[in-house]
Amino acid sequence: MTIAVKSYAATSPTSPLGLFHFVRRDPRPEDVVIEILYAGVCHTDLHVARNDWGWSQYPVVPGHEIIGRVTAVGDKVTRVKVGDRVGVGCMVDACRDCGACRKGWEQYCEKGSTSTYGSKDRVDGTPTQGGYSEQIVVTQDFVLELPGKLDLAGAAPLLCAGVTMWSPLRHWKVAPGSRVGIVGLGGLGHMGLKLAKALGAEVTLFSRSPGKEEDARRLGADRVVISADKAQMKSVAGRFDLIIDTVPYEHDLNPYIPALATGGTLVLVGYLGPLQQTPVRTSGMVVGRKAIAGSLIGGIAETQEMLEFCADKGISADIEMINMQQINESYERMLKSDVKYRFVIDIASLRAQA
Ligand code: NAP
Ligand code: ZN
Ligand code: ZN
């Protein structure tokens with residue numbers, strides 16, 4: 001079976017994404033062939049398309065919030081069947097045998113997990129390519145089952161934005177009575193508000209943008225703090241057990257440390273890189289046993305757990321549906337925080353393109 005697909009790829013850090021034809025790998029006995037219906041647009045897609053982190057290989061087909069329909073399965077596939085609605089997130093494989101994998105932390109695989117795009121397939125070494133494409137071939141253990149109640153397009157962003165927030169909320173044991181802060185109201189941030197609220201926490205949004213207050217409250221925030229306003233920041237001093245910071249670019253972490261309660265943790269999920277302009281002052285951490293930590297997406301089992309939780313609680317992402325051909329303008333809008341709160345590509349528009 002040769003699976004030739006249309007996709008949208010970046011071919012250099014500066015070229016807009018455009019139509020790209022390639023061939024998916026021949027399905028192996030444990031592989032699932034998925035016709036892609038929807039693909040969420042994560043800020044990571046933009047970082048990788050534009051080589052913000054310095055390791056992008058071209059051409060790259062971004063997209064790791066994938067919802068689709070199973071169209072074929074290999075002989076050894078038992079978990080899903082043809083016709084099932086399924087999801088694929090940020091990983092398509094891992095070693096499955098190291099200490100991290102055995103704990104269900106495939107994203108921290110000690111041999112390196114295989115990313116949905118921008119990695120090499122563990123068996124044949126070909127580049128992995130993501131969800132801005134018509135079909136994908138994924139080994140069954142990295143395919144997520146979609147509970148029937150979930151809205152398909154609104155579920156796409158759960159596969160990255162959702163689980164990236166869910167994993168730290170669960171790891172730091174957020175429960176009724178917890179006080180949680182979310183920094184930045186974008187794709188990740190809006191899922192953070194919804195999930196933290198549904199776990200029973202008191203939730204605060206920290207934002208640069210005064211215009212987002214009403215939306216934040218609708219999405220689950222009990223309070224909105226404008227991060228540039230010193231008086232507002234002071235009013236929440238010592239309050240938070242956990243703050244999850246989704247800001248994608250270098251920014252000053254120092255204002256958030258006083259907002260942590262004693263023993264609290266500031267978890268970074270957005271920015272990767274040095275803090276050159278704004279070094280962290282450690283005294284507030286030492287004096288209050290406060291931590292700055294990082295967190296990467298979530299494992300397969302916890303992604304499945306999050307999907308079940310969202311189905312039970314009626315949670316999905318707030319999306320703006322776009323056609324594949326609008327991807328470049330959507331990236332520009334995402335850079336201006338002009339999206340409420342996640343773009344999702346209708347892959348039918350790619351299928352229809354000549
Ligand atoms: P997004 O939709 O663009 O949202 C980012 C939000 O951060 C914005 O809405 C804005 O919120 C705030 N922000 C943006 N630029 C800022 C700046 N220069 N200074 C201060 N605040 C700023 O992005 P996303 O898809 O949520 O992704 C956020 C980051 O997480 C990206 O860097 C992405 O690569 C990363 N990510 C990490 C993981 C992981 O596993 N760790 C997974 C997925 C994504 P306000 O206007 O409310 O301030
Ligand atoms: Zn992502
Ligand atoms: Zn491993």
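Mentor: Start with burial. Of the 354 residues of the protein, 55% count as buried (under 20% relative accessible area; exposed is over 50%, partly exposed in between; 1.4 Å probe, protein chains only). This is a predicted model: local features need pLDDT of at least 70 and side-chain atom pairs pLDDT 80 or more, while totals for chains, interfaces and linings use all residues. Residues are numbered from 1 along each chain as written, chains are lettered from A and ligands numbered from 1 in written order, and side-chain values use heavy atoms, without hydrogens and water.

Next, the fold. The protein has 11 helices and 17 strands (DSSP runs numbered from the N terminus: H or I, at least four residues, for helices; E, at least two, for strands). Its radius of gyration is 20 Å, close to the 20 Å of the globule rule for 354 residues, so the protein is as compact as a globular protein of that length. That radius is taken over C-alpha atoms, and the rule is 2.2 Å times the number of residues to the power 0.38.

Now the rings. The aromatic pairs come to six (Phe, Tyr and six-membered Trp rings with centres within 6.5 Å; planes under 30 degrees apart are stacked, over 60 edge-to-face, the rest tilted). One of them joins W105 and Y108: the ring centres lie 6.5 Å apart and the planes stand at 90°, so this pair is edge-to-face. W105 is partly exposed, with a relative accessible area of 37%. Y108 is partly exposed too, at 35%.

Another pair is F206 with Y256. Their centres are 5.3 Å apart and their planes at 90°, so this pair is edge-to-face. F206 sits in strand β11 (residues 202–207) and Y256 in the loop between β13 (240–245) and β14 (260–268), so the contact ties together parts 50 residues apart in sequence. F206 is buried, at 0% relative accessibility. Y256 is buried as well, at 5%. Ring pairs also bring in F240, giving a cluster of F206, F240 and Y256.

Go back to Y108. Its place is the loop between α2 (99–102) and β7 (114–115). W105, Y108 and L296 make a nonpolar surface patch of about 280 Å². Patch residues have over 30% relative accessible area and no salt bridge; like charges are joined within 9 Å, nonpolar side chains (Val, Leu, Ile, Met, Phe, Trp, Tyr) within 5 Å. The areas come from the Shrake-Rupley method with a 1.4 Å probe, and for residues only the protein chains shown count as cover.

D141 pairs with R96, the closest N and O atoms being 2.8 Å apart (a Lys or Arg side-chain nitrogen within 4 Å of an Asp or Glu carboxyl oxygen). D141 is in the loop between β8 (135–139) and β9 (144–145), and R96 in the loop between β6 (91–93) and α2, so the bridge ties together parts 45 residues apart in sequence. D141 is partly exposed, at 35% relative accessible area. R96 is partly exposed, at 32%. The structure holds 24 salt bridges.
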